[in-house]
Amino acid sequence: NATTVSPAHSASTASTLITNIAALVTNDPSLGSPLGLVQDAAVVIEGDRIAWTGDQSKAPATDNRVDAGGRAVLPGFVDSHSHLVFAGDRTQEFNARMSGRPYSAGGIRTTVAATRAATDEELEANVTRYLAEALRQGTTTFETKSGYGLTVEDEARALRVAAAHTDEVTYLGAHIVAPEFAEDPAAYVALVTGEMLDACAPHARWIDVFCEQGAFDGDQARAILTAGRERGLHPRIHANQLSYGPGVRLAVELDAASADHCTHLTDEDVDALANSRTVATLLPGAEFSTRAEWPDARRLLDAGVTVALSTDCNPGSSFTSSVPFCIALAVRDMGMTPDEAVWSATAGGAAALRRTDIGRLTPGAYADLMLLDAPSHVHLAYRPGVPLVTGVWRRGERVL
Ligand code: NIG
Ligand code: FE
């Protein structure tokens with residue numbers, strides 16, 4: 001493990017040099033490749049920011065020094081899509097699927113019932129637990145959503161719980177039509193865009209909708225996202241996960257930061273994404289856990305689409321908090337190179353959140369980074385399932 005060889009000063013102002021880095025991923029494209037790879041590198045952290053990166057022989061003097069031992073350092077993962085505010089699990093549903101039953105969004109109702117019945121403390125403890133899991137696997141920023149409450153009070157509560165842990169909070173009252181409104185979906189859309197939006201908007205940055213057969217159609221999704229935008233929330237969409245549909249084109253039409261899933265795409269969908277600022281966020285944990293066909297990352301990348309990779313961590317379709325697992329799947333089954341997958345899980349996630357202060361190790365960015373027990377970031381895909389993350393700094397502070 002890396003060792004600190006001089007005593008720590010006060011964390012807020014002290015500078016720290018991490019040196020003896022065999023391979024440093026900066027995501028600074030001016031260094032000649034998208035990953036901005038530097039060999040035999042060093043990083044200087046000052047307070048909560050990156051102050052300097054470069055050739056270790058040119059590193060400036062600092063208060064503290066950490067020897068990376070010839071290992072790889074990269075930006076912390078930016079998991080731009082998760083559903084962490086829930087209670088219970090869906091082991092039986094998973095077992096049934098692995099015996100051949102198809103996935104359907106209907107399972108969401110099981111988690112809605114468990115989440116409504118949970119106390120605030122239970123929800124809070126769950127989020128804390130899954131975040132700790134994610135941190136041990138290198139995630140330093142995560143987005144998370146409501147969507148398992150589906151009443152005014154339960155959605156607002158989910159967002160309050162989420163907001164205690166992250167600034168990237170998403171209102172997903174439109175996950176499915178709440179069971180009480182099964183006979184009157186229009187009334188549910190009115191609630192989501194009315195009283196529920198009023199209660200939720202103060203706690204969120206983003207608004208999301210599950211645009212899918214059995215959830216919300218294109219017109220409902222447009223109405224919901226437009227109402228959110230009028231309240232200052234920025235759109236993102238669960239789009240084209242289980243079937244072809246209007247979600248991706250709607251995302252582009254509304255300049256959504258991201259269209260998430262993108263499993264079933266027409267050529268028009270790919271073209272629309274390529275000619276937009278909307279990121280395609282791929283969530284291979286969902287295809288893994290639902291035994292669905294993989295999204296075609298190669299096709300998107302070749303068309304010039306910006307691709308992000310995230311976990312979709314939720315108890316139904318993708319119960320993993322592991323970005324390294326998603327990287328391995330994307331490389332093995334979705335046509336990504338290891339470099340592309342690592343970029344998508346760091347800089348790509350940041351782009352999906354419209355952030356430039358994370359997902360890169362360049363001067364001025366937050367000092368969110370990880371140390372791998374491996375000589376290169378490629379090992380994240382080359383050594384699947386191996387816990388390689390051996391150090392994590394968040395906002396300049398060593399947290400693992
Ligand atoms: O992103 N697609 C909709 N929502 C989740 C699944 C939620 C669930 O099954 O509980 C997803 O896959
Ligand atoms: Fe999701």
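User: Why does Tyr-148 count as buried?

Analyst: The model is a predicted one, and the term rests on a count of C-beta atoms. A residue is called buried if 20 or more other C-beta atoms lie within 10 Å of its own. Tyr-148 has 31 such neighbours inside 10 Å, and therefore it counts as buried. Tyr-148 is placed in the loop between strand 8 (144-145) and helix 4 (152-163). Beyond four places in sequence, its contacts are Val-85, Phe-86, Thr-111, Val-112, Thr-115 and Ala-158.

User: What makes Asn-314 count as buried?

Analyst: The criterion is again 20 or more other C-beta atoms within 10 Å. Asn-314 has 28 C-beta neighbours inside 10 Å, so Asn-314 counts as buried. Asn-314 lies in the loop between strand 14 (307-309) and helix 12 (323-333). With neighbours within four places in sequence left aside, Asn-314 is in contact with His-83, Phe-86 and Phe-319.

User: Which residues does UniProt place under the feature "binding site", and how do you know that they gather at one spot?

Analyst: The UniProt entry, which is unreviewed, gives Tyr-148, Asn-314 and Gly-316 for this feature. They span 169 residues in sequence, but no two of their C-alpha atoms are more than 11.2 Å apart, so they gather at one spot.

User: Which residues come nearest to ligand 1, and how is its shell divided by class?

Analyst: There are 13 residues around ligand 1, and those that come nearest are Ile-108, Phe-210, Asn-314, Gly-316 and Ser-317. By class, the shell has four nonpolar, eight polar and one charged residues. Gly is counted among the polar residues.

User: What puts the buried residues of helix 9 on the same side?

Analyst: The buried residues of helix 9 (residues 267-274) are Asp-269, Val-270, Ala-272 and Leu-273. They cover an arc of only 160° around the axis, and therefore they lie on the same side of helix 9. On the other side, Asp-267 and Glu-268 are exposed. The buried residues of helix 9 pack against helix 8 (247-253), strand 12 (258-261), strand 13 (279-282) and helix 11 (297-302).

User: What makes strand 15 and its partners count as paired?

Analyst: Strands pair if there are at least two bridges between them. Strand 15 and strand 5 (residues 64-75) have four bridges and pair in the antiparallel sense, with Ala-72 opposite Leu-372. Four bridges also join strand 15 to strand 16 (residues 389-394), again antiparallel; there, Trp-393 is the bridge partner of Leu-369.

User: Which strands of the open sheet are its edge strands?

Analyst: The open sheet has seven strands in the order 8-9-10-11-12-13-14, with parallel pairing. Strand 8 and strand 14 are the edge strands, as each pairs on one side only. Within this sheet, strand 10 (residues 206-211) and strand 11 (residues 234-239) run parallel and are joined by six bridges, and Val-209 has Ile-237 as its bridge partner in strand 11.

How values were computed: Residues numbered from 1 in each chain as written. Chains lettered and ligands numbered in written order. Predicted model: local features only at pLDDT ≥ 70, side-chain atom pairs only at ≥ 80, totals over all residues. Near = placed C-beta within 6 Å. Helix = DSSP H or I, 4+ residues; strand = E, 2+ residues; numbered from the N terminus. UniProt positions renumbered as here; feature names shortened; annotations may be inferred. Buried ≥ 20, exposed ≤ 12 C-beta atoms within 10 Å, placed from the backbone. Contact = placed C-beta atoms within 7 Å. Arc of directions from axis to C-beta.
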